[in-house]
Amino acid sequence: MQLSEQERVRRDKLTTLKGMGINPYPADQFHYTHSSTQVKENFEEGKKVVVAGRLMSRRIQGKASFAELQDGEGRVQVYFNRDEICTGEDKTLYNEVYKKLLDIGDFIGIEGELFTTMVGEKTIKVLDFKLLSKSLKPLPLPKKDREGHEYDGFQDAEQRYRQRYVDLVVNPGVKDIFKKRSALFTAMRNFFNEKGYMEVETPILQSIPGGAAARPFITHHNALDIPLYLRIANELYLKRLIVGGFDGVYEFSKNFRNEGMDRTHNPEFTAMEIYVSYKDYNWMMEFTENLLEYCALQVNGTTKTMFKEHHVDFKAPYKRVTMTAAIIQFTGFDITGKSEEELRTAALEMNLEVNETMGKGKLIDEIFGEKCEGKFIEPTFIIDYPKEMSPLCKEHRDNPDLTERFELMVCGKEIANAYSELNDPIEQRERFEDQMKLSQKGDDEATEFIDYDFLRALEYGMPPTSGLGIGMDRLIMFLTNNPSIQEVLFFPQMRPEKKKVELTEEEKVVIDLLKVTSPQALEEIKSKSELSNKKWDKAIKGLRTKDQATVDKTNEGLFVNLV
RNA sequence: GAUCUGAUAGCUCAGUUGGUAGAGCAUCUCCCUUUUAAGGAGAGGGUCCUGGGUUCGAGCCCCAGUCAGAUCACCA
């Protein structure tokens, strides 16, 4: 392993510590009495405390030193004085252990008493300390001056996401995002549980990926010898539970979609779905706005928030705009009663990219998406979607072309989607079949599987039900003013880091030959390499175990491939 | 998938027309008892993302690639 000088120095210190009889990774529990915030909030001059944390900065001035200790809640200043720590003749603990063998990043436990410095900083005077865990890699050290300007920040997005642990240690704002994320989940759970709805779990491995139209990840179950799909949605399973007789069920659902990645899409993301029996989408709208108002308050302490340049207020109630009205408002075009051809012509006149595979629903969605969606900044319910793009939604009670569906738009983005759920099993079957036709026509967003077990469940009877789905990642992006989904996920998906592989001299010879042409006939490359049989064998086996090359047997013979 | 931008010390970043690789912080050594981004003095630390090419000579120019970011496309 290639070590930097600083890493070697820290390993040497580790050895020295062990040589002095100090265990750098002790096993025993460390009993602390106060957290950093408790120290500051319940501050009393002269009070004895025991604290633990990571050493984050040091200012050494000879026989005295100030340092900062960081724990789960924040930082507190500690004061090391040689003669306080080493009361006798032996000054090793201060001169050697503290000054020379500790580093920024080490975890230590401290026993001390509180005092206020001349500059007024609440501080712990160290009477004794103990190394709890030695850190072998130097942390980046961002610093802030009095005006809040940051120096030497750890800001490179790639490094921050790949090494989130470092990001969290060093950038306190990052921790706050995830505390808020957790607070949001707690708030929703409380809101639902208080109303008597039950949190449930449904399968992530599904033999039919249903409930949405999206490209699934596929895997294989060996014992059953069948394909299984990672869920793209949990909707159909939650409705089965409503059929089974629960009044309200909800699930925070990790969903997986094998589609593009960008700052608003991660291959796995979290949705919350809730289904409540005997309700309709009008009830659900009111429920949703109350829910979001409550969540915003719990997370931020206020319903008002900023997202980029937009001021957003989650205070209920929100405006309701029909999709038809929205399209008229922004394009002047009335979609009511229009045929597929008329819609396509209108879309073309608006310079939208449309094609023959698009049905009515898709065309309307395109017009809405391009011309209207981005215009709704304040939370707004868009209601009454065309039937064709909502295969799981009940037909509108007043208009058979529409469905009882709403989406909640915030800052031009969808964050919630809800229906009066379709519970007519015969119509549901027809809608699925229509989707199949769209799919065969080439619409890759249409559902291509029919879940017959779900239809069977509906045939037993599902009460009138309203369902709501909320994109949790998106919502937390809005509540924390983060335009990138990667900032609100602890570990966003990244391309794997390429490990640099150490190759032997013989292996390098073969790789260099493969770089010229690949695949190459085994006998040919072997003679070109001019290696002995034994060395050749070792080299090619080495390359195969290091995943640098493969040997493939074809009708033409054996070939070596560069990976 | 397309376009643009970027990758240099542990971190943040300079690097001129192609001519010995730089700064601040961090690290190491020495001095220093109430500081708060930053006390003083000195020292060490580099696969300039990778692989080719041009050239007497490449961190810099050319080609190919890797990774990331932004914009777009895609996305119930």
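Trainee: Which residue does the UniProt annotation "binding site" cover?

Mentor: In this predicted model, the annotation covers E414, and it comes from an unreviewed UniProt entry. The record places the feature "binding site" at E407 and E414, so treat the two together, bearing in mind that such annotations may be inferred rather than shown by experiment.

Trainee: Where in the fold do I find E414 and E407?

Mentor: E414 sits in strand β19, residues 413-420. E407 belongs to strand β18, residues 405-410.

Trainee: Is E414 buried, partly exposed or exposed?

Mentor: Read the relative accessible area: under 20% is buried, over 50% is exposed, and partly exposed lies in between. E414 has 29%, so E414 is partly exposed.

Trainee: What about E407, buried or exposed?

Mentor: E407 has a relative accessible area of 7%, which is why E407 is called buried.

Trainee: Which residues does E414 touch?

Mentor: Residues up to four places away in sequence are set aside. With that done, E414 touches E407, L408, M409 and R474. For E407, the contacts outside four places in sequence are T380, F381, I382, Y385, E414, A416 and N417. The two annotated residues are thus in contact with each other, since E414 is on the list for E407 and a contact means heavy atoms within 4.5 Å.

Trainee: Now pockets. How is empty space found in a structure?

Mentor: Rolling a probe the size of a water molecule over the atoms shows where empty space is left. Here, take the second largest pocket, with a volume of about 660 Å³.

Trainee: How many residues line the second largest pocket, and which lie nearest its centre?

Mentor: The lining has 32 residues, and those nearest the centre are Q70, R75, P142, V170 and P172. By type, the lining holds 14 charged, 11 nonpolar and seven polar residues.

Trainee: Which helices and strands supply at least two residues of that lining?

Mentor: The strands are β1 (48-61), β2 (64-70) and β6 (143-144), and the helices are α6 (164-170) and α7 (172-194). Helix α7 gives the largest share, seven residues.

Trainee: How is chain A divided into domains?

Mentor: Domain 1 covers 5-139, domain 2 covers 174-318 + 378-487, and domain 3 covers 505-562. The centres of domain 1 and domain 2, taken over C-alpha atoms, are 49 Å apart.

Trainee: Which domains each give at least three residues to the lining of the second largest pocket?

Mentor: Domain 1 and domain 2 each do.

Technical notes
Residues numbered from 1 in each chain as written. Chains lettered and ligands numbered in written order. Predicted model: local features only at pLDDT ≥ 70, side-chain atom pairs only at ≥ 80, totals over all residues. Heavy atoms only, no water. Domains from an automatic or database assignment. 1 Å grid on protein atoms, 1.4 Å probe; cavity = no way out; pocket = protein on both sides within 12 Å on 5 of 7 lines; lining within 4 Å. Points joined across faces, edges and corners; volume = space filled by probe spheres on them. Helix = DSSP H or I, 4+ residues; strand = E, 2+ residues; numbered from the N terminus. Nonpolar A, V, L, I, M, F, W, Y, C, P; charged D, E, K, R; others polar. Buried < 20%, exposed > 50% of the residue type's maximum accessible area, 1.4 Å probe, protein only.
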